[in-house]
Amino acid sequence: MKDEKVSYFKLFGLEFPVYHARLFRLTILVYLSLVTICVLAIRFFGYEMTDADIPGGFIAGFLLAYLISIL
């Protein structure tokens, strides 16, 4: 990696890296993908939004972006 800013956080005795620039870029891409999937599901499959879709998508999108960034 090129001089990318990396910090670490500890959870249950394990250290996890956080690549800031990569995480920000992937978070935006994951959120755009989730919105696209949601719009397609509503438009073509008759999906109806629930109260949990927005906050759940927000949390899941960030966690998915972090998982992709450390892989």
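Residues are classed by relative accessible area as buried (under 20%), exposed (over 50%) or partly exposed (in between), with a 1.4 Å probe and protein chains only. The model is predicted, so local features need pLDDT of at least 70 and side-chain atom pairs count only at pLDDT 80 or more, whereas totals for chains, interfaces and linings use all residues. Residues are numbered from 1 along each chain as its sequence is written, and side-chain values use heavy atoms, with hydrogens and water left out.

**View 1. Ile 68 in helix H2.** Ile 68 belongs to helix H2; helices (H or I, at least four residues) and strands (E, at least two) are DSSP runs numbered from the N terminus. Ile 68 is partly exposed, because its relative accessibility is 39%. Beyond residues up to four places away in sequence, Ile 68 touches Leu 26 and Val 30, where contact denotes heavy atoms within 4.5 Å. Between the C-alpha atoms of Ile 68 and Met 49, which are 19 residues apart along the chain, the separation is 26 Å.

**View 2. Ser 69 in helix H2.** Ser 69 also lies in helix H2. With a relative accessible area of 1%, Ser 69 is buried. A polar atom of the Ser 69 side chain lies 2.8 Å from the backbone oxygen of Tyr 66. When neighbours within four places in sequence are set aside, the contacts of Ser 69 are Tyr 19, Arg 22, Leu 23 and Leu 26.

**View 3. Helix H1 and its cover.** Helix H1 comprises 26 residues, 20-45, and reaches 36 Å from its first C-alpha to its last. This span is close to the expected 38 Å, the expected value being 1.5 Å times one less than the number of residues. The buried residues in H1 are Arg 22, Leu 23, Leu 26, Thr 27 and Val 30; their cover includes strand E2 (14-19) and helix H2 (53-70). Just after H1, Gly 46 adopts a positive phi of about 70°.

**View 4. The largest nonpolar core.** Six residues form this core: Val 18, Leu 23, Leu 26, Val 30, Ala 65 and Tyr 66. A nonpolar core is a set of buried Ala, Val, Leu, Ile, Met, Phe, Trp, Tyr and Cys residues joined through side-chain atoms within 4.5 Å. H1 and H2 each contribute at least two residues of the core, and the largest share, three residues, is from H1. Apart from neighbours within four places in sequence, Val 18 contacts Lys 5, Val 6, Ser 7, Phe 9, Leu 23 and Tyr 66.

Terms used:
A polar contact is a pair of N or O atoms within 3.5 Å; within protein, one must be able to donate a hydrogen and the other to accept it, and residues adjacent in sequence count only if both atoms are side-chain atoms.
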